[in-house]
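Trainee: I would like to learn how to read the features of a structure that is new to me. May we go through it together, step by step?

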Amino acid sequence: DVHNSSTSNLEIYGTEGTLYIPDPNMFDGPVRLYRPEQGKVYEVPVTFDYRGNSRALGLADMAKSLQKGKKEFRCDYKQTAHVLEILCSFDKSSETGKLYEMETKYERHEPMKLNPIRGILD
């Protein structure tokens, strides 16, 4: 069951619609959502900063946290495990034909604030 495929760079088909995500290698572009009951595609507003090329931003955040003596940083092993489970759940759900119930729990850290001085992290 696929609702309104448009062959974008990444499409996620869910029970309530289809999510179209731009090329993750370009770090920018519209995120769109199709809901079958509404019959059209809507652009989802991006609510966080750092939409441009932000390669190694997670690594820079980790280094900054360690430099400040903090042991926790945004892109940690908990997030990695959760993202890996999400990616694997696509296959598991497809194989079983059932909704996959996530086992990992993840609480998102506060997002980085865009600093007007390029290259300076919060």
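Mentor: Let us begin with His82, which is found in helix α2. Please keep in mind throughout that this is a predicted model.

Trainee: Is His82 buried or exposed?

Mentor: The general idea is that a residue counts as buried when its relative accessible area is under 20%. His82 has a relative accessibility of 17%, and therefore it counts as buried.

Trainee: Which side chain does His82 contact?

Mentor: The side chain of His82 is joined to that of Thr104 by a polar contact of 2.6 Å.

Trainee: How should I describe the exposure of Thr96?

Mentor: A residue is called exposed when its relative accessible area is over 50%. The value for Thr96 is 52%, so Thr96 is exposed.

Trainee: Which backbone atoms lie by the side chain of Thr96?

Mentor: A polar atom of that side chain lies 3.0 Å from the backbone oxygen of Lys92. The backbone nitrogen of Lys98 is 3.2 Å from a polar atom of the Thr96 side chain.

Trainee: How far apart in space are Thr96 and Leu59?

Mentor: Their C-alpha atoms are 36 Å apart, while the two residues are separated by 37 residues in sequence.

Trainee: Let us return to Phe90. Which residues form a nonpolar patch with Phe90 on the surface?

Mentor: The patch consists of Val83, Ile86, Leu87 and Phe90, and together they have about 330 Å² of accessible area. A residue needs over 30% relative accessible area to be part of a patch. Phe90 has 39%, so it is partly exposed.

Trainee: How far is Phe90 from Tyr42?

Mentor: The C-alpha atoms of Phe90 and Tyr42 are separated by 23 Å, and the residues lie 48 apart along the chain.

Trainee: How exposed are Arg35 and Glu16?

Mentor: Arg35 counts as partly exposed at 25% relative accessibility, whereas Glu16 is exposed at 53%.

Trainee: What distance separates the side chains of Asp61 and Arg74 in their salt bridge?

Mentor: The distance is 2.6 Å, N to O. Asp61 lies in helix α1 (residues 57-67) and Arg74 in the loop between α1 and α2, so the pair ties together parts that are 13 residues apart in sequence. Asp61 counts as buried, with 4% relative accessibility.

Trainee: Finally, let us consider rings. How many aromatic pairs does a search of the whole structure find?

Mentor: The search finds 0 aromatic pairs. A ring may also be read together with a charge: the charged end of Arg32 sits over the ring of Tyr20, 4.6 Å from the ring's centre.

Conventions:
Residues are numbered from 1 along each chain as its sequence is written. This is a predicted model: local features need pLDDT of at least 70, side-chain atom pairs count only at pLDDT 80 or more; totals for chains, interfaces and linings use all residues. Side-chain values use heavy atoms; hydrogens and water are left out. Rings of Phe, Tyr and Trp (its six-membered ring) pair if their centres lie within 6.5 Å; planes under 30 degrees apart count as stacked, over 60 as edge-to-face and the rest as tilted. A charge sits over a ring if NZ of Lys or CZ of Arg is within 6 Å of the ring centre and within 35 degrees of the ring normal. Patches are made of residues with over 30% relative accessible area and no salt bridge: like charges are joined within 9 Å, nonpolar side chains (Val, Leu, Ile, Met, Phe, Trp, Tyr) within 5 Å. Accessible areas come from the Shrake-Rupley method with a 1.4 Å probe; for residues, only the protein chains shown count as cover. A salt bridge is a side-chain nitrogen of Lys or Arg within 4 Å of a carboxyl oxygen of Asp or Glu. Buried means under 20% relative accessible area, exposed over 50%, partly exposed in between (1.4 Å probe, protein chains only). A polar contact is a pair of N or O atoms within 3.5 Å; within protein, one must be able to donate a hydrogen and the other to accept it, and residues adjacent in sequence count only if both atoms are side-chain atoms. Helices (H or I, at least four residues) and strands (E, at least two) are DSSP runs, numbered from the N terminus.
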